[in-house]
Amino acid sequence: MPATVYMPGFDPERLQPGIVHLGCGNFHRAHQATATQAAIGREGEDGLRWGIVSATMRRPDLAICLRQQDNLYTLLTRESAGTVASIMGAICETVFAGDEQAGLVERIADPRTKIVTLTVTASGYHLTASGQLDPAAPDILTDLTAGALPRTAPGILAAGLALVRQRGQTPPVILCCDNVSHNGGTLRQAVMDFAALRGDDALAGWIGSTVQFPDTMVDRIVPVSTASDPDDARRLLGGITDEAPISAEPWFQWIIGPFDGPRPRWEAHPGTQFVADVEVFERAKLQMLNGAHMLLAYAGALADLNTVADAVCDPALGRITARFMRGEQTADVDLPASELDRYTRDLLQRFRNPGIVHEAERIGRNGSAKMAARVIRPMRSNIAAGRPVPGARLLIASWIRWFALHEQEALEISLTDPRADMLRQICASARDDHRGQVEAFLAMEDVFGPPLPDHDRQVAAIASLLRRLTDHDVRGVLHELAAV
């Protein structure tokens, strides 16, 4: 081969299933599968028991594709200096959750299955705003139908754990790897709620008292696949075709709460840590990384800077973002100042990576569902402590401007949000009234919570920014703000 290609340190054909994964998407294949491959290689013969049975949840296409190439695929690590190819072989089988022959319930109850991991996205848990299982969600109602093949994550887990309990076995550890606050405890409650809705309170109680659901925090930027991925894989593999390659940044982080029982030596992969409390790492990521991403997306797109790399490399927006990340978004993140400084530098370096095309359109999706934890929580703490919040104000003003432009059919990128229709209507009703728009947005307590401290002053400041973003050149406004 013309380039160095990293190969598994074991024979993939000898793997035995030990992990069931729900949600076989790009992130899983670049994250949990990567750490598991490192663990298998480190453990040698003993590691062969940690093969992954990975299930696609919505469509069978990827499962079919991976099966056709023996569940092997190429991970393209996009570094600033170039791309590195690795052949990934930790997945021993791929199935489609909607296929009755997949037997996911039986696989969860298989004594060899010690761990079940999940990456089904936040929407895949069918939660209400309060974090409880939504009993009115159509997919949940379908799963509750007598004799139905469960298709949702809570339904599949409840059915599998019911079989474990019936057989008197030790249940597997359930590891949620999605960006859901307190994801382990939240998933436990959702599965218990499902069992109770099914009329099995005894199962719900057993799950709550017996099954381990550690919290986790995951972090790696895995862009949507592009047409260049197969071409790059073919070039690096010396002409071999891969129909399912994926790209990822070099950064990798997986923070896992403690649990009892056998597990792979995931810490063999740099960036994996087992800690007593995941919450501080989760808060740092949500606020410093995800919050800064939202600022770069909303303000950047208004300035025609449509990727994270383009936005953070803009001198003005890059400076604003660095100040926002370290000066505002570290509120209530209980880590030493030196560690916060280092994490800020690491994040900014990651954002500048030209090999990762992370689009504002994708980051900007579902802002109303993300605003509270990522932006408003630290903003509220800062205001209460008398600290300035210029970055948060700019982020909110830029977000509102997206909806105003979309209402006028002047936004060149698509806008996806569960409250999009209502937010566009607010902008239409108060088209030339910037304060009215801000007041109406901030009045949505399901998005922003109760009124902010010093609420009227915050409304006035955000409205002033919104007016400037509307009436003036956005890059000029950013330049002025960066100079303050």
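Me: Why is Arg-67 called partly exposed?
Reply: Arg-67 has a relative accessible area of 43%. Buried means under 20%, exposed means over 50%, and partly exposed lies in between (1.4 Å probe, protein chains only). The value of Arg-67 falls in between, so the residue is partly exposed. This is a predicted model, in which local features need pLDDT of at least 70, side-chain atom pairs count only at pLDDT 80 or more, and totals for chains, interfaces and linings use all residues. Residues are numbered from 1 along each chain as its sequence is written, and side-chain values use heavy atoms, without hydrogens and water.

Me: Where is Arg-67, and which residues beyond its sequence neighbours are in contact with Arg-67?
Reply: Arg-67 is found in helix 3 (residues 61-68). Helices (H or I, at least four residues) and strands (E, at least two) are DSSP runs, numbered from the N terminus. With neighbours within four places in sequence left aside, Arg-67 is in contact (heavy atoms within 4.5 Å) with Thr-94 and Val-95. Val-95 is 28 residues from Arg-67 along the chain, and their C-alpha atoms are separated by 8.6 Å.

Me: What makes Asp-70 exposed?
Reply: Its relative accessibility is 60%, so Asp-70 counts as exposed. Asp-70 sits in the loop between helix 3 and strand 4 (73-79). Its phi is near 55°, a positive value in a residue other than glycine.

Me: And what makes Glu-409 exposed?
Reply: Glu-409 reaches 76% relative accessibility, so it counts as exposed. Its place is the loop between helix 16 and helix 17 (420-429). Phi of Glu-409 is positive too, near 55°.

Me: Why is the pair of Trp-399 and Phe-441 called edge-to-face?
Reply: The ring centres are 5.5 Å apart and the planes stand at 90°, so the pair is edge-to-face. Rings of Phe, Tyr and Trp (its six-membered ring) pair if their centres lie within 6.5 Å; planes under 30 degrees apart are stacked, over 60 edge-to-face, and the rest tilted. Trp-399 is in helix 16 (residues 390-407) and Phe-441 in helix 18 (residues 434-442), so the pair ties together parts 42 residues apart in sequence. Both residues are buried.

Me: What makes the pair of Phe-403 and Phe-441 tilted?
Reply: The angle between the planes is 55°, and the centres are 6.0 Å apart. Phe-403 belongs to helix 16 and Phe-441 to helix 18, 38 residues apart. Phe-403 is buried, as is Phe-441. Trp-399, Phe-403, Phe-441 and Phe-448 form one aromatic cluster.

Me: How do you know that helix 6 is roughly perpendicular to helix 7?
Reply: The axes of helix 6 (residues 153-167) and helix 7 (residues 183-197) cross at roughly 70° and come within 9 Å. Angles of 65 to 115 degrees count as roughly perpendicular, under 35 as roughly parallel, over 145 as roughly antiparallel and the rest as oblique. That makes helix 6 roughly perpendicular to helix 7. Pro-154, Gly-155, Leu-157, Ala-158 and Leu-161 of helix 6 meet Leu-187, Ala-190, Val-191 and Phe-194 of helix 7.

Me: Why is helix 20 called oblique to helix 21?
Reply: The axes of helix 20 (residues 455-471) and helix 21 (residues 474-483) come within 7 Å and cross at roughly 135°. That makes helix 20 oblique to helix 21. Leu-465, Arg-468 and Leu-469 of helix 20 contact Val-474, Val-477, Glu-480 and Leu-481 of helix 21.

Technical notes
Axes fitted to C-alpha atoms, helices over the stretch in contact; angles between N-to-C directions.
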